[in-house]
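Please look over the model below before reading the points. They take up helix packing, interfaces and backbone geometry in turn.

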Amino acid sequence: MWSFSNIANSIHEWLSNNFNPTWTIIIEMVIAGVAVISLFALLGLVLVIMERKVSAWMQIRLGPNRVGPKGMFQSLADTLKLLVKEGLTPGGADKFLFNLAPFIAMIVAMLLMAPIAFAKDFQLWDLNIGVLFVSAVSSIMVISILMAGWASNNKYSLMGAMRSGAQIVSYELSAGLSILAVVVMTGSLQVSEIIESQRNGWWIFKGHLPMLIAFVTFIIAVTAETNRAPFDLAEAESELTAGFHTEYSGMKFALFFLAEYVNVFIVCAIGATLFLGGWMPFHIGKWEGFNHVMDYIPSSIWFFGKTFFLIFLIMWFRWTFPRLRIDQLLNLEWKYLLPISMINLLIVTAMAILGWHF
Amino acid sequence: MGASSLIVLIIAAIAFSGIAILVSKLVLKPTTNKQKGEPYECGIPTQGKTWTQLNVGYYLFALIFLIFDVELVFLFPWAVVAKGMGWIALVEIVIFFFILFMGFLYAHKKGALKWM
């Protein structure tokens, strides 16, 4: 059957038949690099148009509809426009840090692609501490935001960056604790093993109510971590013009924008992997016939379907909840989410030891 | 692909951003203007220095975060073996959380979690 892992294997076989081992590795690296870059660019384009179309749909208006069929090439046109804009560096700015920040944002977003399983047996690096890697690398993102805000020599930027710093580090805790709930159940940090443990049902269904609480906490925490509304204090348009990237223009702004959207994709992919079974099709216990029908749908469609469902959910939040104030935001995390997710972790541990999941 | 994928990804990220910025630099001719270099603060001339003192609240939260983040790092190896160890793992983590929670309550009593 047609699948990503078959393509990867046949490329690997063809290369090792025609070249010596060193060249095979080098060519494979180049192919992987080009593939990841194209995926990156494609994701950026798709997510931006999706965001605008979803917003339009929520507000009962048309949204972009001039460029291409139903406005589908709008984000491509926007990219071209940004390409011919001058990338200004303000006079009083710290030039080195100012130019370094978008690179760090991009590197972080790119590195997070490594442990994600896009389809069955199709993963860049199935490292044995995959989940820890994700939570470790994603916290570097805050450094690029602080760097951008500090180096801009702009009060709005600095304020946005400080808010964002306080917010991201706070919500990292409950995101981490809700990830740990899944790790306790599986007993492994490896992404492929976590997916394999959901063969007979996804954790959100298998784990009863505590797992559902963990999922909800995770979604709230990652919405805050990616600086999306209702937690978009870092770039609150109506208060701080554009927050930490007020001074960025042209391609450097586009890189921040891209990294932000790809981060949304990545956290949703992690959420889909941990709680909704990644590429694993929807299986119900012993219904063999039903399970067979579900297996016919390719694994990549399952993965992208779940991920885009979560992305849609996060876009939905934006048009449902008003923005929080900074003290409300920190209260929500420290007084509610953190104690809830700590107690929830204890309950999940007791459940895992008693075996109260099926 | 193994660990080499990290190198590939870092190089890909730098190449992608570098090429994008370089292309945009080649495409256009920069113009000079005295007001271009000024910080954008809604068109109003900027007042005073930017790099100045900020609310202490941000730093307090960062400090409390540090405690809990270290706790989280300790929890990762525990979580992997918790299921196999049985009840002793739960008892240990309850004691651990209790000590941590005392510190949290102390910070709360001292008003570190209140936004000023």
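**Notes on the model**

1. H6(A) passes H7(A) in a left-handed crossing. A crossing is left-handed if the near helix is turned anticlockwise from the far one by less than a right angle, and right-handed if clockwise. Helices (H or I, at least four residues) are DSSP runs, numbered from the N terminus; strands (E, at least two) are treated likewise.

2. This is a predicted model, where local features need pLDDT of at least 70, side-chain atom pairs count only at pLDDT 80 or more, and totals for chains, interfaces and linings use all residues. Residues are numbered from 1 along each chain as its sequence is written, while chains are lettered from A and ligands numbered from 1 in the order in which they are written.

3. Back to the pair H6(A) and H7(A). Their axes come within 7 Å and cross at roughly 165 degrees. Axes are lines fitted to C-alpha atoms, for helices over the stretch in contact; angles run from 0 to 180 degrees between N-to-C directions. H6(A) and H7(A) are therefore roughly antiparallel. The bands are: under 35 degrees roughly parallel, over 145 roughly antiparallel, 65 to 115 roughly perpendicular, the rest oblique.

4. Which residues meet here? On H6(A) they include A:Ile145, A:Leu146 and A:Trp150; on H7(A), A:Leu158, A:Ala161 and A:Ile168 are among them. Contact means C-beta atoms, placed from the backbone, within 7 Å. By class, the contact of H6(A) with H7(A) has 10 nonpolar, 5 polar and no charged residues. Nonpolar covers Ala, Val, Leu, Ile, Met, Phe, Trp, Tyr, Cys and Pro; charged covers Asp, Glu, Lys and Arg; the others, Gly among them, are polar.

5. A:Asn153 lies in the loop between H6 (141-151) and H7 of chain A. Its phi is positive, about 55 degrees, although A:Asn153 is not a glycine. A:Asn153 counts as buried, with 21 C-beta neighbours inside 10 Å. The cut-offs are 20 or more other C-beta atoms within 10 Å for buried, 12 or fewer for exposed, and partly exposed in between.

6. A:Asn227 sits in the loop between H10 (208-225) and H11 (237-240) of chain A. It is a residue other than glycine, and its phi is positive, near 60 degrees. A:Asn227 is buried, with 24 other C-beta atoms within 10 Å. For background, most residues other than glycine have a negative phi.

7. Chain A is assigned domain 1 (1-84) and domain 2 (86-354). The bounds come from an automatic or database domain assignment. Taken over C-alpha atoms, the domain centres are 20 Å apart. In chain A, 19 residues of domain 1 are in contact with 23 of domain 2. On the domain 1 side, H2(A) gives the largest share, 11 residues. That side has 12 nonpolar, 6 polar and 1 charged residues.

8. Between chains, 60 residues of chain A are in contact with 54 residues of chain B. H7(A) gives the most to the chain A side, with 13 residues. The chain A side divides into 40 nonpolar, 15 polar and 5 charged residues.

9. H2(A) packs on H1 (residues 4-27) of chain B at about 50 degrees, with axes 9 Å apart. That makes H2(A) oblique to H1(B). The crossing is right-handed. Contact residues include A:Met29, A:Val36 and A:Phe40 of H2(A), with B:Val8, B:Leu9 and B:Phe16 of H1(B). By class, this contact has 10 nonpolar, 3 polar and no charged residues.

Note on methods: Contact = placed C-beta atoms within 7 Å.
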